[in-house]
There are 2 protein chains.
Amino acid sequence: LTRGRKCVGEIGEFTLIERIRKILPAAGDKDLLVDIGDDTAVIRIDDRRAMLLTCDIQVEGIHFRFEHITPYQLGRRSMAVNLSDIGAMGGKPTYALVSLGLPPGFPVASCDRLFEGMRDELEPHRAWIVGGNLARTKDVLVVDITLLGEADLLRVVTRGGARPGDRIFVTGNVGASGAGFQVLAAFGKRFPARYKELVERHLSPTPRVDLGQRIARAGIATAMIDLSDGVAGDLYHICTRSGVGAQIREDRLPLPERIGEIAEKSGRSAIDLALHSGEDYELLFTVPPRIPADTVQSVFGESGVPVTEIGTIVERDDGYSLVDSRGNRNPLRPTGWDHFRSTRTEREVERE
Amino acid sequence: LTRGRKCVGEIGEFTLIERIRKILPAAGDKDLLVDIGDDTAVIRIDDRRAMLLTCDIQVEGIHFRFEHITPYQLGRRSMAVNLSDIGAMGGKPTYALVSLGLPPGFPVASCDRLFEGMRDELEPHRAWIVGGNLARTKDVLVVDITLLGEADLLRVVTRGGARPGDRIFVTGNVGASGAGFQVLAAFGKRFPARYKELVERHLSPTPRVDLGQRIARAGIATAMIDLSDGVAGDLYHICTRSGVGAQIREDRLPLPERIGEIAEKSGRSAIDLALHSGEDYELLFTVPPRIPADTVQSVFGESGVPVTEIGTIVERDDGYSLVDSRGNRNPLRPTGWDHFRSTRTEREVERE
């Protein structure tokens, strides 16, 4: 099948998605508001409501390893990454379908724990697993979850609305998950206790579903995305869809404690981990200049989650850059996102 | 992870699904009309409309092999099996999400063909791929499709409505796909031309989506299912959900031409292939006694697809049986459906 032909491993995920977009017809459906290109499709249900649709496939040995994560944690995490996508549109999760590819040697008890994790992650949102499919695999576990959500038709926040002059905000801190992964890679499961929080951020991320809904309801955001690919990769998705550029202020990035120690151990800088390591599942969103910073803060007031302004949307021609503490602009590489390229990206190196 | 513990390969798919059902909470949602247990979930959208949700995961080496099927055929087939599920509820397909696990060595051109196949299978239904997810795998292709559909809330046909006295009908003929698989197993791709139709039924099944909608609109069916696991396995799903038994008349089963030759080659009977080999993607449905056979035939009139009465629903205590041409009742094994048991089922033997 493969001899002498270009393989998916040689082209990027982006290039592949672009090819697929060209093959598929423009959907002849007026109810389809957002399709391929956002992580989440948006479909009009009626004059008030929109349905949200997202999915995420995770493969053992590529996305997770049972040396690091328990089946229960994996269940929670697999659901959390989908919840995060629904939250980033300002939606409320509703129903999930779970497809599993199970190797015959997978313990029944672990399968139980996996579903308990998914259930526990969904329960606070009053969302339910309503179906799915089980299949056999040769030797690795494959978890594919499709999650539906519902949103106010007029309040859905996509990736496509950022405008020059908008300020860029991020919830919580960034780089913690990447640092947590480095801890596991360096120490294994018996890592020093001081890194517990970083590791937990990697294994048990908290999707910002309620915050996403709050941001949407308050109408303060022109674009929003969840941080699955890293600030540099995910903000770039917003820039591409919105037709704009961006500047990130290096000294504004909210970093978790102890990220410096870990970055050093792995021969990288803390900023590099924060920008390019991904899987933080925080929200990044853009706010038009007319909305004062106080208003943004007030939306987060009761949540206890910090929100930080980290940069500005600029004209596309002004590029995509990182501004250091001396005010120097450096090109920002939109990497961290590519699962395919054989050329190693930050993310892949980090995963070895 | 596995040492000394019971593995999923040792228990059946049914047992596993029952365990999962016990772990998951009863959905506290009044709009959820059918959940785990049917292949397709049914959710009330408003007073008129129901949303249908189904998914199907297929793994290279387990569900398909590129020695037998082209990427384009695989694309069509993966979509067809989902279309079939929506059709079996009387629904119209609307939107699909495609999750792919791709090995790095998978040719880009094959990925194109795969999506072309999916597109071409969806197009006549005016349904669209609206999103998905790409991930890397080590060495095999994984295709997981989630398909949504819409149906008239009052016309949805589930597996749970069959009553004693209902007659059992099946569209088209049964066993062709299983026979086609045996042809490929025996001869490979260079099989004798006289088996072309059987092989095509296996590689390129036609989901009965329009017929399913027609049956639902006509209101003639108390229960319906598509034949993915074989008549014996799928009718058993209806019996379980409806709390009834069934009798199949052996001499009524509509068999395709040349199935006898192929069955003999593989040491099985044609009836055995028809009952236990699955993947025909015909519709099996039950019709209450008050509806005359003529009415059933008239629903199919314009379609050109034959419809055959093959048996009767009986009380649960009257069992699940096959009636031979001499009128003798033999227990009917509900096999063909189990992807998990290490003990080989018909389906697994047939797949080696």
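In chain B of this predicted model, B:Ala246 sits opposite B:Tyr320, a residue of β12(B). That pairing belongs to a set of four bridges tying β9(B) to strand β12 (residues 320-323), with the two strands running parallel.

**The seven-stranded sheet of chain B**

- Seven strands of chain B make up this open sheet, and reading across you get β8-β10-β7-β11-β9-β12-β13, with mixed pairing.
- The edge strands are β8 (223-226) and β13 (329-331) of chain B; each has a single partner strand, so one side of each has no neighbour in the sheet.
- Going from one strand to the next, the twist averages 25°.
- Helix α7 (residues 231-242) of chain B packs on this sheet and touches β7, β8, β9, β10 (283-287), β11 and β12 of chain B.
- The direction of α7 makes about 145° with that of β8(B).

**Partners of β11 in that sheet**

- Strand β7 (residues 167-171) of chain B is joined to strand β11 (residues 307-314) of chain B by five bridges, and the two run antiparallel.
- If you want a spot to look at in that pairing, B:Thr171 stands opposite B:Val307 in β11(B).
- Strand β9 (residues 245-249) of chain B also pairs with β11(B), in the antiparallel sense and over four bridges.
- Here B:Gln247 has B:Thr312 of β11(B) as its bridge partner.

**The six-stranded sheet of chain B**

- Chain B has another open sheet with mixed pairing, built from six strands in the order β1-β2-β3-β6-β4-β5.
- At its edges stand β1 (32-34) and β5 (128-136) of chain B, each with a single partner strand, so one side of each is left open within the sheet.
- Neighbouring strands in this sheet are turned by 20° against each other on average, ignoring direction.
- Strand β4 (residues 92-102) of chain B runs parallel to β5(B), and eight bridges hold the pair together.

**Where chain A meets chain B**

- Chain A puts 78 residues into the contact and chain B puts in 79 residues.
- Between them the two chains bury about 6900 Å², with 68% of that on carbon and sulfur atoms.
- Two salt bridges turn up across the interface of chain A and chain B.
- In a salt bridge at 2.4 Å, N to O, the side chain of B:Asp112 meets that of A:Arg19.
- Sorted by class, the side of chain A that touches chain B holds 45 nonpolar, 15 polar and 18 charged residues.

Definitions and conventions. Residues numbered from 1 in each chain as written. Chains lettered and ligands numbered in written order. Predicted model: local features only at pLDDT ≥ 70, side-chain atom pairs only at ≥ 80, totals over all residues. Heavy atoms only, no water. Pairing = 2+ DSSP bridges. Axes fitted to C-alpha atoms, helices over the stretch in contact; angles between N-to-C directions. Contact = heavy atoms within 4.5 Å. Buried area = accessible area lost by both parts, 1.4 Å probe. Salt bridge = Lys/Arg side-chain N within 4 Å of Asp/Glu carboxyl O. Nonpolar A, V, L, I, M, F, W, Y, C, P; charged D, E, K, R; others polar.
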